[in-house]
Amino acid sequence: MLYSVSIIPIFIYLIVLLELDSFILVKKWLLAYVIASGALSCAIAFALFSGIGENNISASYLEEFLKAIVIITMVLRKKIAFFIDAAIYGAAAGGGFAILENIIYLIYNPEMNIYSAIIRGLGTAIMHMGMTGIVAVLLIFLSDRLKNNGHGNKNLPVIFPLIILPSALLHYMYNQFYVSPHIMLAIILALLTLIFAILANYNEKYINKWIDISVNEDIMLLLNIQSGNFSSTNAGKYLLSIKHRFKKEVFLDMCCYVTLYIELSLIAKRNMMLNEVEIEIPDDHAAKENIRSKIKELNILRRQIGKTGEIALNPIVKANNLSKWLINSLK
């Protein structure tokens with residue numbers, strides 16, 4: 001019974017957060033992987049705590065660092081694009097950590113009553129979920145800023161240890177029990193739920209606006225390509241202006257890359273719109289195979305045009321974190 005009241009609320013809170021994801025950005029199998037990674041980070045932390053006091057600031061920092069490793073890996077691999085899915089994956093990593101931590105705590109404290117198990121277990125769990133969720137949101141925010149400033153994500157691992165600091169400090173303060181545990185639980189639960197709800201609301205407005213604009217742009221560009229009027233568009237004029245920099249076969253691959261990229265982008269955005277209005281995406285095996293074939297061809301073209309060609313096409317296909325996530329969402 002003690003284990004149930006310490007663990008089940010974690011999954012309930014995750015389910016509540018998933019309800020905020022109206023576009024179904026979070027993949028269930030990936031969520032399970034993140035929860036398992038969070039549990040693994042707890043096992044590693046537990047093994048290391050033989051030489052570190054649990055209420056030490058170093059221990060708080062180490063826990064936050066270990067929990068967030070899976071999140072920064074996903075950001076670098078373009079598995080996360082929006083604030084709300086970052087918050088959910090971050091909460092899942094923290095939840096996985098809390099599940100194993102609560103089990104270990106109960107093993108060492110079997111005399112604990114149900115009330116204490118709920119307050120201690122849920123309070124610590126919400127803290128872990130919230131702190132890693134904050135780190136995840138910060139990682140997405142900084143990733144976008146770095147990309148927009150032309151630095152790319154290569155600098156993100158460098159500043160990663162600094163991103164952990166705010167959450168580690170809040171974690172440490174929580175462990176000091178400056179106020180009553182049940183009051184702290186109520187404050188954290190209310191505050192984090194409010195933050196996640198605000199993120200979800202902002203996220204929905206941002207995505208809708210982005211889809212409205214980008215879908216129109218993609219459709220117009222694709223229609224101009226298919227009708228032979230591409231050269232008269234701004235994108236076409238730009239592509240022709242850099243034609244002399246590349247070999248003929250490479251330039252042809254670049255043109256094919258643009259067309260294929262736009263087609264896949266439109267498919268991904270269509271899926272997002274269907275998810276938002278809760279229309280099930282048809283489970284068409286032939287269509288899925290066609291998408292896989294297109295993605296495979298796109299990857300081949302990417303290798304053939306090289307990094308220089310891909311960078312040259314950025315003004316047209318806008319190959320940023322968001323657009324790369326779009327293609328990954330189809331896999």
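In this predicted model, the count of aromatic pairs comes to eight, taking rings of Phe, Tyr and Trp whose centres lie within 6.5 Å. Two of these pairs are set out below.

| Pair | Centre to centre | Angle between planes | Arrangement |
|---|---|---|---|
| Phe46 and Tyr108 | 6.3 Å | 50° | tilted |
| Phe82 and Tyr206 | 6.4 Å | 65° | edge-to-face |

Phe46 belongs to helix H2 (residues 28-48) and Tyr108 to helix H4, so their pairing ties together parts that are 62 residues apart in sequence. Phe46 is partly exposed, with a relative accessible area of 40%. Tyr108, at 59% relative accessibility, counts as exposed.

The pair of Phe82 and Tyr206 is edge-to-face. Phe82 lies in the loop between H3 and H4, whereas Tyr206 is part of helix H7, so this pair ties together parts that are 124 residues apart in sequence. Phe82 counts as buried because its relative accessibility is 2%, and the cut-off for this term is under 20%. Tyr206 is partly exposed, at a relative accessible area of 38%. Both residues also belong to one aromatic cluster, which is formed by Phe82, Phe83, Tyr202, Tyr206 and Trp325.

Lys67 lies over the face of Phe97, at 5.7 Å from the ring centre.

Another lysine, Lys78, is found in the loop between helix H3 (57-76) and helix H4 (83-108). The phi angle of Lys78 is near 60°, a positive value in a residue other than glycine. Lys78 is buried, with a relative accessible area of 14%.

Attention now turns to helix H8. Within this helix, which spans residues 234-241, Ala235, Gly236 and Leu239 are buried. These three residues lie on the same side of H8 because they cover an arc of only 100° around the axis. In general, an α-helix has 3.6 residues a turn, so residues three or four places apart point the same way.

The start of the chain remains to be described. Met1 is found in the segment before helix H1 (2-18). Met1 is exposed, since its relative accessible area is 67% and the term applies over 50%. The C-alpha atom of Met1 is separated by 35 Å from that of Leu199, a residue 198 residues apart from Met1 along the chain.

Methods. Residues numbered from 1 in each chain as written. Predicted model: local features only at pLDDT ≥ 70, side-chain atom pairs only at ≥ 80, totals over all residues. Heavy atoms only, no water. Buried < 20%, exposed > 50% of the residue type's maximum accessible area, 1.4 Å probe, protein only. Helix = DSSP H or I, 4+ residues; strand = E, 2+ residues; numbered from the N terminus. Arc of directions from axis to C-beta. Phe/Tyr/Trp six-rings, centres within 6.5 Å; stacked < 30°, edge-to-face > 60°. Lys NZ or Arg CZ within 6 Å of the ring centre and 35° of its normal.
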